[in-house]
Structures are given as C-alpha cells and as structure tokens.
Amino acid sequence: YGACINMNPISSTFPILVMTRNDGLFLKQCVESIINTVSIATTIYIIDNNSDSLEHHNIINDLVARFDNIKPILNKKNLWVLGLNDTIKKIKHIHQSKYFFLTDADIDFSHCKARPCWLSYLIQQLEKNVAIGKLGISLSWDYLQEKKELISILEQEQSLYSEVHKIDDLYVSSVDTTATIFRFDWSIEDSSCFFPDHMRYLRPELYSCRTPKDIVVEHLGWYHYSNSSQINVNKTQVNSKVLCFTLFGGSVKDTILDMADKKYSLFYKTFSNSIRRVWVLRRLYFLFKYFLFKARIKLDGHGF
C-alpha cells in the first residue's frame, strides 16, 4: 500500500488521524469502532511510526482492502508525535474542515453515547464554543477501578476533572493525543504541528476541555499496565518506546519503566529531564514570537 493522498474526492470529508506503532489488534479494534460509529463522511489517516511487526502491517493491509476511506502513511522512523506533522501539513490544505481529529490506536469508540455520533457531537461543541481549541473525549475508568495496582493512574485521571472549571458541561482540562478534536489554528505555531510538549503549544486565548463523564471511550492501552498483562509484554517494544520518549522529551509512566530493561529505564531517568528542557526552550521561543506578533497587530479587543 502507498502513502499517496488523493486531493479531490476527500476534500469534503472530515480528517481523522490515528497514530500507531506495533499495536495491530488495538488498531483494528480502534479503526473498526470509528467506522461503525461515525455517521459523517471521513478520511482516516493511519500514521504508522515505523512498525516492525508483520502482524501489524497485515492488519493495516486488511483495513485498507476493506475500507476505501483509509489512507496509510508509513513513516520510515519512529518520531512519536513528530511523525504526525507531514500529514497535518498536507491535510490542512486538502480538507475543507476547520477541524481534525487525532487519536492513539488503543482507543475503542464502540460504546460512546454522544449523539448523533461522537464526531458530530465534538464538532457541534467547537462550533458553539469558539474559545475551545481542543476537546478530548473522556476515558472510561471502569477497568482502572477493577485493578487495585492501577490506583495511581485512576487518581491521576480523576485529578483532571474539576467541577469548578467548566464551560457548560465540558471540563476545562489538559488533553493529550487521545481521542481529541483540534481546530487547525489551535497552536501558537502556524503549522499546526505537534512537538514533544505539544499540550503547552495551545494558544493562550483558547481552552482545552474534556467531555462529560457520561460521554466516554475505552482506553485499551491500560490493559497492558496490569500485573496479569505484564507477563506477556513485548519487552523490545517497551524498550523502543522508552528510548523514543527519552529522545523526544516525552513522559513515561512508572508502570511502563518497570516493564523496560534496566538500561533503558536508567537512560530515561538520566537524560529525559535535560532533553525535555531543550524542547521547552523551543516552545518558549515560539510563545515569545506569538505574543510579539499579537502585540504588533494589537491584542484581540484592543485598539482600533
């Protein structure tokens, strides 16, 4: 399969980006759940970050053969979120939509209760709330609540919700790359691209929100975090993830570090903070440029 993007037939469809690497069965479940639940025309870009699993590639081939709205993008390197950027630059000019949807491949949308469908619901929310730059679908906590060893992840999730900070029934909260709709102009950088500390690239006049707790999707990736799942974990893939996140300033949960070989875990603990600071300096540079530009044309609501 190729990575060619056909411009004309897809310009009126809504772009969905699925970021994946070596998680074929999750990817299959994710993509099929999107197709089975979305009621508007979409183009699904499967952005593969240099997967080395034959099973994974076979699943992509199968999805492409079965569904004509899937466009695979095969990156030659694993660049984590940076691997999204070439596709984002292209679809920004191809699609007529003001928004795009991004998700990791370990999300199941099958039981999301948003109506008329979860994607239409997200679009409607952004249409009526121009101050929201990105809106993520909340994650179901059912699995976390069943597993005592995942209590720290549950508590982290719960801390993201405050009844005080809300826009209508949406929770003002940070959102990552999991099941999130973005405005194309969400970022302080004009390209709309993603970088390691991308959550802080959100334009300061915009909000990041999550859906109400009754509108949720299932996070399949959490299944890997429980004690019973770690028995069959693929250590090579875990090591690869830790190495990638270290080099590109990502944060790795302790549960993942515990599954990695000690040398990869030590590498992360030794260098991750220093590398992350370099990426932070990059963001501060663009933030300075953004405010400088805004001041030059006068801040929104000021001047004539």
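Colleague: What stands opposite leucine 135 in strand 11?

Modeller: Cysteine 209 is the residue opposite leucine 135, where strands are DSSP runs of E with at least two residues and helices are runs of H or I with at least four, both numbered from the N terminus. This is a predicted model, in which local features need pLDDT of at least 70 and side-chain atom pairs count only at pLDDT 80 or more, while totals for chains, interfaces and linings use all residues. Residues are numbered from 1 along each chain as its sequence is written, and side-chain values use heavy atoms, with hydrogens and water left out.

Colleague: How many bridges join strand 6 to strand 11, and how do they run?

Modeller: Four bridges link strand 6 to strand 11 (residues 207-210), and the two run parallel; two strands count as paired if DSSP finds at least two bridges between them. Strand 6 is also joined to strand 10 (residues 180-183), here by three bridges and antiparallel, with glycine 136 opposite threonine 180.

Colleague: Is strand 6 mostly covered or uncovered?

Modeller: Strand 6 (residues 132-136) is mostly covered, with five of its five residues buried, buried being under 20% relative accessible area, exposed over 50% and partly exposed in between, for a 1.4 Å probe and protein chains only.

Colleague: What is the strand order in the open sheet?

Modeller: Nine strands make up the open sheet in the order 3-2-1-4-10-6-11-9-8, with mixed pairing. Its edge strands are strand 3 (70-75) and strand 8 (166-167), each of which pairs on one side only. Strand 3 is joined to strand 2 (residues 42-49) by six bridges in parallel, and aspartate 48 has leucine 74 as its bridge partner there.

Colleague: Switching topic, where does histidine 95 lie?

Modeller: Histidine 95 sits in the loop between helix 4 (85-94) and strand 4 (99-104), and it is buried, with a relative accessible area of 5%. Leaving aside residues up to four places away in sequence, histidine 95 touches Ile10, Ser11, Thr13, Phe14, Pro15, Thr43 and Tyr45, contact meaning heavy atoms within 4.5 Å.

Colleague: Which backbone oxygen lies 2.8 Å from a polar atom of that histidine 95 side chain?

Modeller: That is the backbone oxygen of threonine 13.

Colleague: And how many disulfides are there?

Modeller: The count is zero, a disulfide being a pair of cysteine sulfur atoms within 2.5 Å.

Technical notes
A polar contact is a pair of N or O atoms within 3.5 Å; within protein, one must be able to donate a hydrogen and the other to accept it, and residues adjacent in sequence count only if both atoms are side-chain atoms.
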